[in-house]
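Here's a quick briefing to read with the model open beside you.

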Amino acid sequence: MIKTGEISRRLYEHLSSMGDRLEIEDVRIGLGYAGVKLEGKKLGLAAVLRHELAPGCSTLDEAGTLKGLRASRLLQYLVNGKNPLEKALGLAAANAIINPEPSEKENDTIGLMDLGPQDNVAMVGYFGPLVGRIKETGANLSIIERDPARVKIIDDKTKDKILGNCTVAVITATSILNNTIEEILNKLGIPRHVVILGPSTPMCGDVFQGTPVTHLGGSAILDIRKVMQIISEGGGTPAMRPCLRFINILLR
């Protein structure tokens, strides 16, 4: 069994020494994403889970003090963040430190899954653009989501059955932010393919060793200035898409 918070802890331990050597140049928090820019033209992203934030007039006590600090200061939010926003800053800092290089061409994430009518796909977190493509393969698709504004929320018993019986799992990287990723991985049966997906995905295979994860699907940033502008103006993945190169790592 994977303990709650284990993935965040591994990320912190793997990256903290590198974070000690890198200075924070800019931090942006928008309606859809947080972005952390480090020296050396390194930018990392993480989604902002607005529906899971508590109401209030102040969401980040350290606002106005982060620029110039070491990246490891934000990275600490991975393990001690009090809410999904602080966790998002920690994950964005981690992704900036990892800073994956864009590949020459994008591999098709759905193609790498090799889906067919024999597959039961559990989608944890609603990936709208992928729904139609998965159904076109003939695979049976079930969606597990925490935001009722996106899809109907299913009960825990049904969710556990879907996870236990799936042959392929597509899991949003935002599950790291709300500390549900370990629970999800623990409830999987024996799927042949498990992908952590989205621009928030930390492209660091070592962190997922000993887990059911077989595939990381994240992004590299092509235009830092434009992405930071989009974050500040409240944009999300569709607006950032021309500035990103989706990349994939197959772990086994």
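Arg-192 is partly exposed, at 40% relative accessible area (buried means under 20%, exposed over 50%, and partly exposed in between, with a 1.4 Å probe and protein chains only). This is a predicted model, so local features need pLDDT of at least 70 and side-chain atom pairs count only at pLDDT 80 or more, while totals for chains, interfaces and linings use all residues. Residues are numbered from 1 along each chain as its sequence is written, and side-chain values use heavy atoms, with hydrogens and water left out.

**Salt bridges**

- The count comes to 14 salt bridges, each being a side-chain nitrogen of Lys or Arg within 4 Å of a carboxyl oxygen of Asp or Glu.
- Arg-192 pairs up with Asp-119, N to O at 2.7 Å.
- Asp-119 sits in the loop between α5 (109–113) and β4, and Arg-192 in the loop between α8 (181–187) and β7 (193–197), so this pair ties together parts 73 residues apart in sequence.
- On the Asp-119 side, the residue is buried, at 2% relative accessibility.
- Salt bridges with shared partners link Glu-6, Arg-9, Arg-10 and Glu-13 into one network.
- Within that group, Glu-13 bridges to Arg-9, with the closest N and O atoms 2.7 Å apart.
- Glu-13 and Arg-9 are four residues apart in helix α1 (residues 6–19), which puts about one helical turn between them; helices here are DSSP runs of H or I with at least four residues, strands are runs of E with at least two, and both are numbered from the N terminus.
- Arg-9 counts as partly exposed, at 32%.
- Asp-26 and Arg-28 form another salt bridge, at 2.9 Å between the closest N and O atoms; Asp-26 is partly exposed at 22%, and so is Arg-28 at 28%.

**The sheet**

- Six strands make an open, mixed sheet in the order β5-β4-β6-β7-β8-β9, where two strands pair if DSSP finds at least two bridges between them.
- β5 (140–144) and β9 (244–250) are the edge strands with a single partner each, so one side of each has no neighbour in the sheet.
- β4 (residues 120–124) runs parallel to β5, with five bridges between them.
- Val-121 has Leu-141 in β5 as its bridge partner.

**Cysteines**

- The disulfide count is zero, taking a disulfide as a pair of cysteine sulfur atoms within 2.5 Å.
- Cys-166 is buried at 3% relative accessible area, and Cys-243 is buried at 9%.
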